[in-house]
Structures are given as C-alpha cells and as structure tokens.
Amino acid sequence: MAQLGGVIKPKTKRSKRFLESRAPKLSEDVKKAMIMKGGNTTQTVTQALKDIYSLKKPNAVLYKKKNVTRPFEDSTSLEFFSKKTDCSLFLFGSHNKKRPNNLIFGRLFDFHVLDMIEVGIEKYVSLCDIKASKCPEGTKPMLVFAGEAFDTDNEHKRLKSLLIDFFRGPTVPAVRLAGLEHVLHFTALEGKIYMRSYRCLLKKSGCRTPRIELEEIGPSFDFVLRRTHLASEDLYKTAHRQPKALKPKKKKNISHDAFGTKFGRLHMQKQDLSKLQTRKMKGLKKRGGQVVTGEEGRSAKVAKMDS
C-alpha cells in the first residue's frame, strides 16, 4: 500500500479488501477486545485474563507476552495495538505493591482511549475451580445489573455502560429460548462490584412454561473500584452519535406512552351535526313515521307534557 498526501492507496486487491474492511460502516462489526498483561503480573491476574477471554471468545485477542506499559500515564501502546488488531475494547492486567491484582477495563473511539476504569480483584474463583458444565463458546449472555449505584453514581453509570459494551456480544434479530442459557450478574454494594456467571437450566414444571434454575459456572469476581479516566460529556456524546441513515424516521400522528402502547391520531373533516343519525324515540315520531327534529320536536314534547 502506498501513502500519498495522507491517503493510503492500495496496490493489490488484497490490500484493497483489507482497507474496505477497516473503513467506517453504517452497521459496525462486532466490537472486539484485546486482552493483555503488563510487565509484572501474578497467577491470579493471568488466570483471570484467560477466564474473561473464554467468556469473550471468539471476539477477542489474547496477548500472551508481557507489555511493559502504564495505560493511565501513556496510552500510545494500547492505541497502536488497537489499530493493528482493529479492537475497540481492551482489558489490561497488572500487579504491584500499591495496586495488587489490578485490572483495567477500557474502550477506544477512533483508535484513541475514551474511557478507562481500574478495578482490583479482592476475591476470585476461576472457571476450573467450579466443576460444572459450561456454556458453549460464543454464547450471547444476558446481563443483569443490581444496585442503586448503577443508576445514581456517575462512575458506576460509566462502568455499567463499559461492561455492557464489553460482554454484550453480537446484535441478533431473534433469540431462541434454548439460547438463553448464560447470565452475567453484576451487583454494586458498599463500594464493591460482585460479578457472577450462571448457566440457565430449563426444568420440567408440569405446564408449558419451564421452571428455570441458575447454576453457577464461574468465573466469580469481587472487585473494588480504583482509578478512573472518563471522557468528557462532549466527547462521550460524539462517540455515541448515530448516522442519519440509521435513525428511525418519525411517523406523523403516531405516539407511544411510557408502557410502549401505540397511539394514532386521525384528522377528519368537519361534520354537519344537523344530519347526524340519532336514536329514534317513540315520543319524537310523527304519524307518518318521520322523526321530529329541532323546534318541532321540542314543541311536541311540551304539548305531550301539558296533556
């Protein structure tokens, strides 16, 4: 590929296809994550990265070599690897005396760091330690967030948005009932984040609707929040901006309430109420069978009352 005036021009068909795959699209591809470890790690951090990689597969890239970098001080290394692998999410694991068993969840916008949230592992149970049948690779999980902090605290709101981006998987038009078998549960309580992974078991209930049981399959984490690097509100809005072609066209005279009920408004021409068909009463009829209207009806009613 040749670069002329800042514009990369492909020389071969293969390089042309590569540039087309990296070009912006109306419907973006599934977000990929790169998972890497720092210069100093422990067995806990290494195994935790492998377990999260198994949850994220196949939309993830795991780096086995150490990368001596500090994302909060210099993120150029992360941005380089992001551009190389076309990943918009990253997970970085490290360990030191001041911040033991450290994980950094982050995402990028236009190959520049947008958000970074650092958490520490206080308690960890790996996939291997829980002896239970696991979900197949690539299963789209159901995400559950419990805790008032996810709705009130700004840092917890961004963490919730980041975790949804990280674990939600591909966008699908429909899901079969048997495919709803993996649940990721996040609980915010007393400054800690509890992450649990469950497998849904459909049991016989004696009726058409099955009875659902949850079986813990791992991994299990107890996180504590540490440092954060949040994007400004303007940059955050820019990153979430949708192209006009994807925005749904507003339909006239149609509205929805808070419960999703659809309401329509009809515009009709002005009606002549004098010709409106009303209920026929015996007291308003003439001998010929015609209905009395207007002043005649009122005078006939008064005369009948007088008699």
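The side chains of arginine 107 and aspartate 115 meet in a salt bridge, with 3.0 Å from N to O. The model is a predicted one, in which local features need pLDDT of at least 70 and side-chain atom pairs count only at pLDDT 80 or more, while totals for chains, interfaces and linings use all residues. Residues are numbered from 1 along each chain as its sequence is written, and side-chain values use heavy atoms, with hydrogens and water left out.

## Exercise 1

**Solution.** Start with the rule for the pair: a salt bridge needs a side-chain nitrogen of Lys or Arg within 4 Å of a carboxyl oxygen of Asp or Glu. Next, look at accessibility, where buried means under 20% relative accessible area, exposed over 50%, and partly exposed in between (1.4 Å probe, protein chains only).

## Exercise 2

Describe the salt bridge between arginine 168 and aspartate 165, and name the network to which these residues belong.

**Solution.** The closest N and O atoms of arginine 168 and aspartate 165 are 4.0 Å apart. Arginine 168 is partly exposed because its relative accessibility is 37%, whereas aspartate 165, with a relative accessible area of 11%, is buried. Through shared partners, salt bridges join Lys31, Arg107, Asp115, Arg158, Asp165, Arg168 and Glu233 into one network. Counting over the model by the salt-bridge rule gives 14 salt bridges.

## Exercise 3

Locate both partners of the salt bridge between lysine 57 and glutamate 137, and then examine the peptide bond that leads from lysine 57 to proline 58.

**Solution.** The two side chains meet with 3.9 Å from N to O. The pair links distant parts of the chain, 80 residues apart: lysine 57 belongs to the loop between α2 (43-56) and β4 (60-66), and glutamate 137 to the loop between β7 (112-125) and β8 (142-146). These element names come from DSSP runs, helices being H or I with at least four residues and strands being E with at least two, numbered from the N terminus. Lysine 57 counts as partly exposed because its relative accessibility is 25%, while glutamate 137, at 54%, is exposed.

Now turn to the backbone. The peptide bond from lysine 57 to proline 58 is cis, with omega near 5 degrees, and proline 58 lies in the loop between α2 and β4. A cis peptide bond also joins glycine 218 and proline 219, where omega is about 0 degrees; proline 219 is placed in the loop between β11 and β12 (220-229).

## Exercise 4

What is the volume of the largest pocket, and which element gives the most to its lining?

**Solution.** On a 1 Å grid over the protein atoms alone, a cavity is a set of points where a 1.4 Å probe fits but cannot get out, and a pocket is an open set with protein on both sides within 12 Å along at least five of seven lines; lining residues have an atom within 4 Å of a point. Grid points are joined across faces, edges and corners, and a volume is the space filled by probe spheres set on the points.

The largest pocket has a volume of about 1900 Å³. It is lined by 44 residues, of which Glu28, Asp29, Lys31, Ser88 and Phe109 are the closest to its centre. Helix α1 gives the most to this lining, with 4 residues. The lining divides into 19 nonpolar, 11 polar and 14 charged residues, where Ala, Val, Leu, Ile, Met, Phe, Trp, Tyr, Cys and Pro count as nonpolar, Asp, Glu, Lys and Arg as charged, and the others, Gly among them, as polar.

## Exercise 5

Which residues line the largest cavity, and how do they divide by class?

**Solution.** The count comes to 1 cavity of 30 Å³ or more, and about 50 Å³ of space lies in the largest cavity. Its lining consists of Phe105, Val119, Leu159, Leu163, Phe186, Ile193, Met195 and Phe223. The elements that supply two or more of the lining residues are α5 and β10 (192-203). By class, the lining has 8 nonpolar residues, with no polar and no charged ones.
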